[in-house]
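Hello,

Here is the structure we discussed handing over.

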Amino acid sequence: MADSQHITVLLNEAVAALVTDPSGFYVDGTFGRGGHSALVMQQLSADGRLLGIDKDLAAIATAKTRFADDARFAIAHGSFAELAQLVAERDMTGKVAGVLLDLGVSSPQLDEAERGFSFMQDGPLDMRMDNSQGETAAEWLLQIEEEALANIIFKYGEERYSRRIAKAIKNAGLIETTGQLAEIVKTAHPKWEKHKHPATRTFQAIRIAINKELEDIDIFLPQAVEVLKPEGRLVVISFHSLEDRLIKQFIQKESSLAEDTGWGLPQVQQDTRRLKKIARIRASEEEVKANPRSRSAWLRVAEKLA
Ligand SMILES: C[S@@+](CC[C@H](N)C(=O)[O-])C[C@H]1O[C@@H](n2cnc3c(N)ncnc32)[C@H](O)[C@@H]1O
């Protein structure tokens, strides 16, 4: 099947925030189809370097053809949660000029029925970003307990009817396709929201869980600070409040003075700050019109302190 296109969100804003030194070493932790990476490459000098990372083998294949002849570029198949190791292997710990994440799924992942992410197209119930390892959504749903599933649908899907939906899913036994799962959720859901498929929240929750999306962000964030050089940039685009909250709280914590422990004794406050907040940007009206997916995007930028 022909590879569908991915429209890069906040392209100019993210790359402008990321690239401060054309000779620097950069990491694009979510290569996707290379939209951000291509603009980074254009801005690098002959000494600049870019390491792309993606969990998805289709993204890796694109990277290999797109930048095959460019010695400034390298690609790694894996998670951005392995950032520290991937950077250490290249002897660049503490020397990285910028790290970019553009979170979530790419349009090709959603559009290709056989990847099993979408309730819009019927395909095998997979949803793995890295389909070379781990459990498919179908396998995962079969083994998870009803209560644990309900909690995940509630927490990651922010779905009020999580208990009923979890019950219906567990009663169904093996669910082999996205179409079957969408139907089960639709039937169990008592109150459909306008302009939203009733399975939207449940699909999001299962996807976040099986790809360990929030865990990976949690593991990544301290590693990003560790690998950056002084004045190096952390640039993250997120698409829903669960992701954005993690980024926001991390930057907040790393850019604020530690709270007094409050045991009554006068204390010398230690300055443990490692980051400085630089910007918080949303997509322009024009971009939202051209690409509705950008409506929910938040771009946060922080800089490592010297
Ligand atoms: C929104 S797309 C990125 C699009 C890219 N910026 C572009 O313009 O083409 C997100 C990509 O991140 C990848 N991804 C998501 N979580 C990941 C993780 N923890 N580690 C590595 N890649 C991840 C997905 O496989 C997907 O290809």
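Why does Ala297 count as buried? Because Ala297 has 24 C-beta neighbours inside 10 Å. The cut-offs: 20 or more other C-beta atoms within 10 Å of a residue's own means buried, 12 or fewer means exposed, and in between is partly exposed, with C-beta atoms placed from the backbone.

Two points on the source. This is a predicted model, where local features need pLDDT of at least 70, side-chain atom pairs count only at pLDDT 80 or more, and totals for chains, interfaces and linings use all residues. Numbering starts from 1 along each chain as its sequence is written.

More on Ala297. It sits in the loop between helix 13 (285-290) and strand 7 (298-304). Helices (H or I, at least four residues) and strands (E, at least two) are DSSP runs, numbered from the N terminus. Leaving out residues up to four places away in sequence, Ala297 touches Val9, Leu10, Ile237, Phe239, Arg282 and Ala283. Contact here means C-beta atoms, placed from the backbone, within 7 Å. Asp102 is 195 residues from Ala297 in sequence, but 9.4 Å away in space, C-alpha to C-alpha.

Asp102 also belongs to the ligand shell. There, 22 residues surround the ligand, and the closest are Thr8, Thr30, Gly32, Gly35 and Asp102. A residue is near if its C-beta atom, placed from the backbone, lies within 6 Å of the molecule. The shell divides into five nonpolar, eleven polar and six charged residues. Nonpolar covers Ala, Val, Leu, Ile, Met, Phe, Trp, Tyr, Cys and Pro; charged covers Asp, Glu, Lys and Arg; the others, Gly among them, are polar. Helix 2 and strand 2 each supply at least two shell residues.

Helix 2 (residues 35-43) has Gly35, His36, Ser37, Val40 and Met41 buried. Their cover includes helix 1 (11-18), strand 1 (25-28), strand 2 (49-54), strand 3 (73-77) and strand 4 (96-102).

Helix 11 (residues 213-227) bends by about 25° at Phe220, and Pro222 follows within four residues. The bend is the angle between axes fitted to the seven residues ending there and the seven starting there. Phe220 is among the buried residues of helix 11. Those buried residues pack against helix 4 (83-89), strand 4, helix 10 (200-210), strand 5 (228-238) and helix 12 (241-254).

Last, the domains. Domain 1 is 11-107 + 213-304, and domain 2 is 131-210. Bounds come from an automatic or database assignment. Their centres, over C-alpha atoms, are 30 Å apart.

Best wishes

Definitions and conventions. Contact = placed C-beta atoms within 7 Å.
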